[in-house]
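This report describes charged side chains, their pairings and selected loop residues in one protein model. Please consult the sequence and structure shown below while reading.

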Amino acid sequence: MILDRIVNQKKIRLIEHKQRINEEDMKELALRCRLDDHSFYKALKKPGLSMIGEFKNASPSKGIIHHQLGLEERMEQYNASVDAISCLTEEDYFDGSADHLKEIKKITHLPIIRKDFIIEEYQIYEAKAIGASAVLLIVGILDDETLKNLYHLAYALGMDVLVEVHDEEEMERALKINARIIGVNNRNLKDFTIDLNTTKRLHHMVPEDVLYISESGIQSEDDVVFLKSCGVDGVLIGTAFMESDQPKTLAQEWKMAYEK
């Protein structure tokens, strides 16, 4: 299963990371890092549709993504149209890097979520040290205790957390830790099939005071209109924006479609 391979490779990568910067030094870097006032939660908690624009180089389902824009031009368009940035930092399957997030941090005023397969506290400290405003925690790869501990550590460091689920059992586990932001991944990480109805099916479980985000497989204005009927507060857009030479225009058009 692809998800198991990604997590196993992440464990190997973490050994390499800790050889470069050990756990105590990474923790010290995180604790010394000053927070900015770019709250991921506040950026998404507003009237209308909130939009997270993603930066990634590849994915297991799509392979290498052919960029239509350079990083600086992409961020200029995102700065003018979306509410937050998602940056993939997973190296082996998404061709990501912590350096990408550092570069993005220099050219955007928007909050940035580190999107990765986070399984250890080290990665939370690293996220803070490289400038992330939030981290992604995937319920499907964590046991309850680890999920809770990583969640509370991120908030203790001043970051927000997007807790990602895919089914009813994972939603129940996310609610047990009182997650403030829950994202439904419409892509099944076990077989990489996509179904936007996943967001619709799980909506009834989400408390009104929790921000509800739909992730993956959003390709068109019709998809956004459908997700409005599912009660979402926001969407995370990856491939559709990365393959477009006008993500700003797409974002603006899709937000307008949501308001109709």
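Which side chain meets that of lysine 18 in a salt bridge? The partner is glutamate 120, with N and O 2.5 Å apart. The coordinates belong to a predicted model.

Lysine 18 belongs to helix H1, whereas glutamate 120 is placed in the loop between strand S5 (112–115) and helix H6 (121–130), so the pair ties together parts that are 102 residues apart in sequence. Lysine 18 is partly exposed, at 22% relative accessibility. Glutamate 120 also falls in the partly exposed class, at 27%.

In general terms, side chains of opposite charge can pair when their charged atoms come close.

## Pairs within a helix

Helix H1 (residues 2–20) contains both glutamate 16 and arginine 13, which are 3 residues apart, or about one turn of the helix. These two residues form a salt bridge in which the closest N and O atoms are 3.5 Å apart. Glutamate 16 has a relative accessibility of 29% and counts as partly exposed. Arginine 13 is likewise partly exposed, with a relative accessible area of 22%.

A further pair is located in helix H2 (residues 23–32), where arginine 32 and glutamate 28 are 4 residues apart, about one turn of the helix. Their side chains meet in a salt bridge with an N to O distance of 3.8 Å. Arginine 32 is exposed, with a relative accessible area of 56%, whereas glutamate 28 counts as partly exposed at 38%. The two partners are therefore assigned to separate exposure classes, the limit for exposed being over 50%.

Is lysine 10 buried or exposed? With a relative accessibility of 2%, lysine 10 counts as buried. This residue is located in helix H1 and takes part in a network of salt bridges that links Lys10, Glu91, Arg114, Asp116 and Glu126.

When residues up to four places away in sequence are set aside, lysine 10 touches Glu90, Glu91, Asp116, Phe117, Ile119 and Gln123. Lysine 10 and lysine 228 are 218 residues apart in sequence, and their C-alpha atoms are 35 Å apart in space.

## Aspartate 160 in strand S7

Aspartate 160 is placed in strand S7 (residues 160–165). At 7% relative accessibility, aspartate 160 counts as buried, because the limit for that class is under 20%.

Which residues does aspartate 160 touch, not counting residues up to four places away in sequence? The contacts are Ser39, Phe40, Tyr41, Ser133, Ala134, Val135, Tyr155, Arg180 and Ile181. Lysine 42 is 118 residues from aspartate 160 in sequence, with a C-alpha to C-alpha separation of 9.7 Å.

## A negative surface patch

Glu72, Glu73, Glu76 and Asp245 form a negative surface patch. Within this group, aspartate 245 is located in the loop between helix H11 (239–242) and helix H12 (247–259). Aspartate 245 is partly exposed, its relative accessible area being 44%.

## Loop residues and backbone angles

Most residues other than glycine have a negative phi. Aspartate 95, although not a glycine, has a positive phi of about 50 degrees. Aspartate 95 is found in the loop between strand S4 (84–88) and helix H5 (98–106), where aspartate 95 is partly exposed with a relative accessible area of 39%. Serine 216 likewise has a positive phi, near 80 degrees. Serine 216 is in the loop between strand S9 (211–215) and helix H10 (221–229) and counts as buried at 16% relative accessibility.

Asparagine 188 is in the loop between strand S8 (181–185) and helix H9 (197–202). What does asparagine 188 contact, leaving aside its neighbours within four places in sequence? Asparagine 188 is in contact with His166 and Thr193. Its relative accessibility is 18%, so asparagine 188 counts as buried.

Conventions: Residues numbered from 1 in each chain as written. Predicted model: local features only at pLDDT ≥ 70, side-chain atom pairs only at ≥ 80, totals over all residues. Heavy atoms only, no water. Patch = residues over 30% accessible without salt bridge, like charges linked within 9 Å, V, L, I, M, F, W, Y side chains within 5 Å. Areas by Shrake-Rupley, 256 points an atom, 1.4 Å probe, with all protein chains shown as cover. Salt bridge = Lys/Arg side-chain N within 4 Å of Asp/Glu carboxyl O. Lys, Arg positive; Asp, Glu negative; His and termini not counted. Charge placed at Lys NZ, Arg CZ, Asp CG, Glu CD. Helix = DSSP H or I, 4+ residues; strand = E, 2+ residues; numbered from the N terminus. Buried < 20%, exposed > 50% of the residue type's maximum accessible area, 1.4 Å probe, protein only. Contact = heavy atoms within 4.5 Å.
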